[in-house]
Amino acid sequence: MAIILALGAAVSWGTADFLGGKATRNHALLTVMASSQMAGLLALVIGAVLISGSPEGRDLLLGSGGGLIGVAGLMLLYWALAHGKMSIVAPVTAVTAPLLPFIWGLGNGETLSSGGAAGAAMGLIAIVLISRSNDDTERRLSVNRSILIALASGVLIGAFLVVLDNFSDDSGLWPLVAARGTSVPVLILVALWARESVLVPSDRAGVASVGVFDAAANALALLAFREGMLTLGAVLTSLYPAATVLLARLVDREHLGRTQMLGMAFGAVAITFIATG
């Protein structure tokens, strides 16, 4: 069940990234982020009410801190993607993100079978290959600076995954509500400071779906970590670029490079190893 939940989180995150990328073609980044996060907050509140949970004060405080960490990582990622070379930024962030929870899980007593270890290694390789972009366009940032920003983003996103694993098991989804309830006001303040709208004037359904898929991914990842190991769950959830690439291929008819197809194959083998190991 943990594997299914983690893969569901990956699909949801990948779908959110795809829809978010399309939305930012027509609207400012902060506007899309603020609007989508508000929709995600509503979805999480509904989910928390439907799923029973009794959070402690620690869960809510940890969730609030995680919300700030997560939104900071997301903003750094989007900024780096907008100003750096996507072919460098995407794989660096995607591989860095699961490393921290992977190390954290091992440090807290999780042990991997030989099959699980092989699957995790192949999963990391798959993330790199799938995230590779065919766009060699020169960007305004230097390569070194892009890498630093991508690394920082990956560390923050990885830290958010660690936070998800530290909520009490009976807290339900309320810590995620606290996380989103903290990040939304921050995004609104940043958007207002940048003199951008906090609500998308058009295509509301499209932008709202970004937040709903992102919220669903957070919830599925949280449930996956509760059911299984953080080490393997973090790797599986980080396969989300596969969903983004496939949607771009199916919907926008974007070319799927040989490297990305090889990454898909590595990902499928990784899932098999993890499931059977």
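1. Start with N218, which is buried in this predicted model. Its relative accessible area comes out at 6%, and since anything under 20% counts as buried, that call follows directly. You'll find N218 in helix 8, the stretch covering residues 204-227.

2. Who does N218 touch? Leaving aside residues up to four places away in sequence, the contacts of N218 are W13, F160, L164, L176 and R180. Another residue to look at here is L161: 57 residues separate N218 and L161 along the chain, yet their C-alpha atoms are 9.0 Å apart.

3. R180 turns up again in a salt bridge, this time with D214. The closest N and O atoms of R180 and D214 are 2.9 Å apart. This pair links distant parts of the chain, with R180 sitting in helix 7 (residues 174-193) and D214 in helix 8, 34 residues away. Both R180 and D214 are buried.

4. How many salt bridges does the structure hold? There are two. Besides R180 with D214, the side chains of R58 and D59 meet in one, at 3.7 Å from N to O.

5. The axes of helix 1 and helix 8 come within 8 Å and cross at roughly 160 degrees. Angles over 145 degrees count as roughly antiparallel, so that is how helix 1 runs relative to helix 8. The crossing of helix 1 past helix 8 is left-handed. As for what lines the contact of helix 1 with helix 8, its residues split into 17 nonpolar, six polar and two charged.

6. What is the phi of R195? The angle is near 60 degrees, a positive value in a residue that isn't glycine. For context, most residues other than glycine have a negative phi. R195 is also exposed, with a relative accessible area of 80%; the label applies because the cut-off for exposed is over 50%.

Methods. Residues numbered from 1 in each chain as written. Predicted model: local features only at pLDDT ≥ 70, side-chain atom pairs only at ≥ 80, totals over all residues. Heavy atoms only, no water. Helix = DSSP H or I, 4+ residues; strand = E, 2+ residues; numbered from the N terminus. Buried < 20%, exposed > 50% of the residue type's maximum accessible area, 1.4 Å probe, protein only. Contact = heavy atoms within 4.5 Å. Axes fitted to C-alpha atoms, helices over the stretch in contact; angles between N-to-C directions. Parallel < 35°, antiparallel > 145°, perpendicular 65-115°, else oblique. Left-handed = near helix turned anticlockwise from the far one by under 90°. Nonpolar A, V, L, I, M, F, W, Y, C, P; charged D, E, K, R; others polar. Salt bridge = Lys/Arg side-chain N within 4 Å of Asp/Glu carboxyl O.
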